[in-house]
Amino acid sequence: MPGPEIKADGWVRDERVGALPRSQAETSARGAADPYLSVVIPVYNEEENLPVLYDRLNRALAAAGRTYEIILVDDGSRDGSLRILSEMQGRDPHVRVVELLRNFGQHPAVFAGFSVVRGQVIVTLDADLQNPPEEIPKLVAAIEAGNDVVGGYRKAREDSWFRRFASRIVNRLTARATGIRMRDYGCMLRAYSRPVVDAMVNAVEISTFIPALANTLAKNVIEIEVAHAPRQRGESKYSFWRLIRLNFDLMTGFSNLPLQFISWMGALIALAGIGFGLFLFVRRLIVGPEVEGVFTLFAILFAFVGVQLFCLGLLGEYVGRIYSEVRRRPRYLIRRVIEGGDR
């Protein structure tokens with residue numbers, strides 16, 4: 001198996017483990033040529049949106065008056081997205097393209113982008129243009145004001161009622177898990193200081209929810225309002241089941257609350273069972289033997305069995321997470337980074 005490859009930008013890349021971050025000494029020795037702002041965008045089957053995204057993003061970043069780079073992470077797209085990204089990089093030296101070996105998902109793709117950033121302020125953005133690139137200067141200004149993490153709060157969401165309802169649930173669960181209350185954990189338009197990004201890249205968790213992880217590593221976290229637009233092209237990559245999966249990952253990855261919930265539920269069910277047993281004993285003494293309540297007993301039994309199976313499933317989530325951590329498989333695998341004169 002080939003060993004790690006040391007690129008000109010100082011990063012050590014090894015497809016066996018993804019990308020390894022620089023040491024603090026190497027980070028402090030970066031040259032003045034490194035950009036101030038890095039924008040990381042995960043891309044999966046977004047060929048219809050990419051030309052418009054590129055034009056709007058370039059105008060917004062040029063108007064911000066900061067040196068910048070655009071890191072576009074192709075997350076195993078099956079359409080012509082990678083070809084379009086390569087053409088963009090050929091025309092614009094600000095663009096760097098990270099090609100993953102396969103589809104790993106939105107958050108691993110963002111982590112892949114984090115592993116190669118060179119800027120001091122890092123902004124994440126979706127490729128679907130629902131979060132306008134023109135809002136980026138607001139987030140950068142908030143970071144420059146001394147904040148470590150700046151989250152975007154979608155003031156008027158242009159999504160279906162189901163997406164809004166699911167987001168409310170995720171936001172409440174995330175706030176409970178992290179202890180940091182924010183109105184919109186699901187918005188990908190966010191800004192991070194470089195130390196926070198380095199800390200996230202160095203984190204050893206296999207499965208992570210980036211907004212929640214960043215909030216646990218940062219000191220100053222704020223949220224500002226940003227615009228939101230309806231999706232004009234393509235379709236959302238988050239189905240109902242992927243949202244459910246995200247909720248389970250979130251709760252089992254950042255909190256012991258489900259385990260505590262199981263303990264309290266078990267105690268309450270035990271007390272209810274004892275109380276019901278005493279009730280039946282007293283009733284038998286007063287009324288005598290009877291069989292009319294047998295179906296009630298069956299209904300209660302089935303309810304208890306359902307609760308037990310649910311609790312067993314939650315325990316299985318934790319066991320599965322432990323299994324994934326023990327295997328130590330990488331979050332992502334980078335096939336290549338297209339930058340400079342690379343082709």
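1. How much space lies in the second largest cavity? About 40 Å³ lies there, in a predicted model where local features need pLDDT of at least 70, side-chain atom pairs count only at pLDDT 80 or more, and totals for chains, interfaces and linings use all residues. Residues are numbered from 1 along each chain as its sequence is written, and side-chain values use heavy atoms, with hydrogens and water left out.

2. Two cavities of 30 Å³ or more are found in a search of the whole structure. A cavity is a set of points, on a 1 Å grid over the protein atoms alone, where a 1.4 Å probe fits but cannot get out; a volume is the space filled by probe spheres set on the points.

3. The second largest cavity is lined by Ile41, Leu50, Leu53, Tyr54, Leu57, Ile70, Leu72 and Met88 (lining residues have an atom within 4 Å of a point). Two or more lining residues come from each of α2 (50-64) and β5 (68-74), and α2 gives the most, with four. Helices (H or I, at least four residues) and strands (E, at least two) are DSSP runs.

4. By class, this lining has eight nonpolar residues, no polar and no charged ones; Leu, Ile, Met and Tyr are among the types counted as nonpolar.

5. Ser81 belongs to helix α3 (residues 81-91) and is buried, at 0% relative accessible area (buried means under 20%, with a 1.4 Å probe and protein chains only). The side chain of Ser81 reaches the backbone nitrogen of Glu46 at 3.0 Å.

6. Not counting residues up to four places away in sequence, Ser81 touches Val43, Asn45, Glu46, Glu47, Leu50 and Asp74 (heavy atoms within 4.5 Å).

Key. On a 1 Å grid over the protein atoms alone, a cavity is a set of points where a 1.4 Å probe fits but cannot get out, and a pocket is an open set with protein on both sides within 12 Å along at least five of seven lines; lining residues have an atom within 4 Å of a point. Buried means under 20% relative accessible area, exposed over 50%, partly exposed in between (1.4 Å probe, protein chains only). A polar contact is a pair of N or O atoms within 3.5 Å; within protein, one must be able to donate a hydrogen and the other to accept it, and residues adjacent in sequence count only if both atoms are side-chain atoms.
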